[in-house]
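Here's a quick tour of a protein chain, made for someone who is just starting out with structures. Have a look at the sequence and the 3D picture first, then read on.

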Amino acid sequence: MAGGNERNMKALKEVWKRAENSLCADCGKPDPDWASSTLGVFICLSCSGIHRNIPSISKVKSLKMDYWDDAQVQFLAKHGNAVTKAIYEAHIPIYYYQPTFNDCQVLREQWIRAKYERKEFTEPGKQLPYSDGVKEGILWKRGRDNGQFLPRKFLLSEREGCLKYFTKQDGKEPKINVKIDVINATFQPEKIGNPNGLQITYLKDNKTRNIFVYHESGKEVVDWFNAIRSVQFHYLKVAFPIASDNEIKNRLTRNFLKEGYMEKTGPKQREAFKKRWFTLDHRRLMYFKDPLDAFAKGEVFVGSGENGYSVQKGLPSGTQGNFSWHYGITIVTPDREYLFTCETETDQLEWIRAFTSVIKQAMTPQEYASKCLDAVSFPS
């Protein structure tokens with residue numbers, strides 16, 4: 001018996017160390033140490049917890065701590081991540097967002113359920129709930145002034161190329177009517193205080209407007225998210241007919257590069273530093289008095305190094321404004337310097353990395369145009 005167990009463990013390790021099994025089959029996290037004995041995939045601890053919640057589909061076991069019998073090891077050897085992905089990920093729409101281990105729980109759970117439970121990607125041309133070009137339903141939206149979440153009707157239309165919402169379910173005139181090409185959507189469960197919280201942003205008069213929504217159903221809110229990406233994709237295919245699918249995919253919804261609190265001073269750099277919530281959305285650095293504000297108090301364009309932008313650790317010598325945090329950052333632009341302080345050195349270094357990643361990138365013609373239109377800067 002002991003010899004058989006040793007033989008099984010040796011065979012298991014041989015399958016486990018295959019290159020195809022070196023990343024979690026569902027989120028891409030390196031060095032997965034769990035596996036599904038019914039699906040034949042190698043997965044990380046976090047994804048194994050999601051699999052455990054769909055026991056009719058997947059039975060998970062630890063590769064280090066649990067016993068694997070001959071049949072189970074042979075099943076893993078026959079399948080593995082590459083074979084199983086070829087089945088369950090055969091026909092993923094290019095616009096569908098495939099989450100990584102850095103993404104929130106609801107995105108990863110619905111990705112796993114879409115693959116293995118609902119089998120959404122096993123057949124070509126399958127009708128999917130986010131691929132119709134139109135989606136209508138109720139989302140709970142946070143009020144701009146009172147902070148209460150109330151049910152609102154939303155309508156997404158590929159034909160009209162827009163997203164609308166109505167204050168009344170039978171309303172005829174929308175409260176907003178936003179062109180699909182200026183919309184971004186990103187999951188924000190911690191900020192919104194709901195595991196299914198979604199932040200929808202759009203440009204209005206070249207300023208960013210935030211809308212915060214959620215739905216009780218994780219599936220429904222992720223369907224909304226992918227429906228927005230679907231409509232955006234098809235809109236951009238028409239607008240940029242010579243662009244490749246991957247080029248268009250890279251222009252769909254995006255996560256913010258960095259968010260968090262910093263202190264800032266005014267343009268004279270003699271005012272007291274004030275604690276504010278900052279969001280870096282590619283080249284737009286915005287600050288808010290509260291993380292759930294509908295509009296930013298100010299925005300600044302972060303250009304490229306070849307155009308005179310840089311980030312420096314620390315504050316200029318002789319900085320006069322009073323500040324309680326001591327890990328400074330200076331953003332240098334062709335027009336002026338912007339001064340910030342962070343609470344910890346870790347925050348400081350993370351912000352500097354985020355700014356550096358943007359500044360290293362060459363500016364596109366669209367970004368040049370955006371900078372020319374953007375007359376907004378940080379007030380005091």
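Let's start with one cysteine: C104 counts as buried because its relative accessibility is 16%, and the cut-off for buried is under 20%. Keep in mind that this is a predicted model.

**Cysteines**
- How many disulfides does a search of the whole structure find? It finds zero.
- C104 is in no disulfide, and the nearest cysteine sulfur, in C47, is 12 Å away.
- C24 has a cysteine sulfur 3.8 Å away, in C27, but that is too far for a bond, because a disulfide needs the two sulfur atoms within 2.5 Å.
- C24 also counts as buried, because its relative accessibility is 4%.

- Eight residues from domain 1 and 17 residues from domain 2 take part in the contact between them.
- About 1,100 Å² of area is buried between domain 1 and domain 2, and carbon and sulfur atoms give 73% of that.
- On the domain 1 side, I94, Y95 and V106 lose the most area to domain 2, and together they make up 54% of what that side buries.

**Nonpolar cores**
- The largest nonpolar core has 55 residues, and those touching the most other members are I43, L156, I183, F187, L198 and I200.
- Which helix gives the most to this core? That's helix α7 (residues 218-239), with nine residues.
- Domain 1 (1-117) and domain 2 (134-250) each supply at least three residues to this core.
- Zoom in on I200 and, leaving out residues up to four places away in sequence, you'll find that it touches L163, I183, N184, A185, R209, N210, I211, V213 and I228.
- Another core lies apart from this one; it has 21 residues, including Y338, C342, I352 and V358.

**A three-stranded sheet**
- Three strands make an open sheet in the order β2-β1-β3, and their pairing is antiparallel.
- The edge strands, each pairing on one side only, are β2 (42-43) and β3 (60-62).
- Two bridges link β1 (residues 34-36) with β2 in the antiparallel sense.
- A35 has F42, in β2, as its bridge partner.

Note on methods
Residues numbered from 1 in each chain as written. Predicted model: local features only at pLDDT ≥ 70, side-chain atom pairs only at ≥ 80, totals over all residues. Heavy atoms only, no water. Pairing = 2+ DSSP bridges. Helix = DSSP H or I, 4+ residues; strand = E, 2+ residues; numbered from the N terminus. Core = buried A, V, L, I, M, F, W, Y, C linked by side-chain atoms within 4.5 Å. Buried < 20%, exposed > 50% of the residue type's maximum accessible area, 1.4 Å probe, protein only. Domains from an automatic or database assignment. Contact = heavy atoms within 4.5 Å. Buried area = accessible area lost by both parts, 1.4 Å probe.
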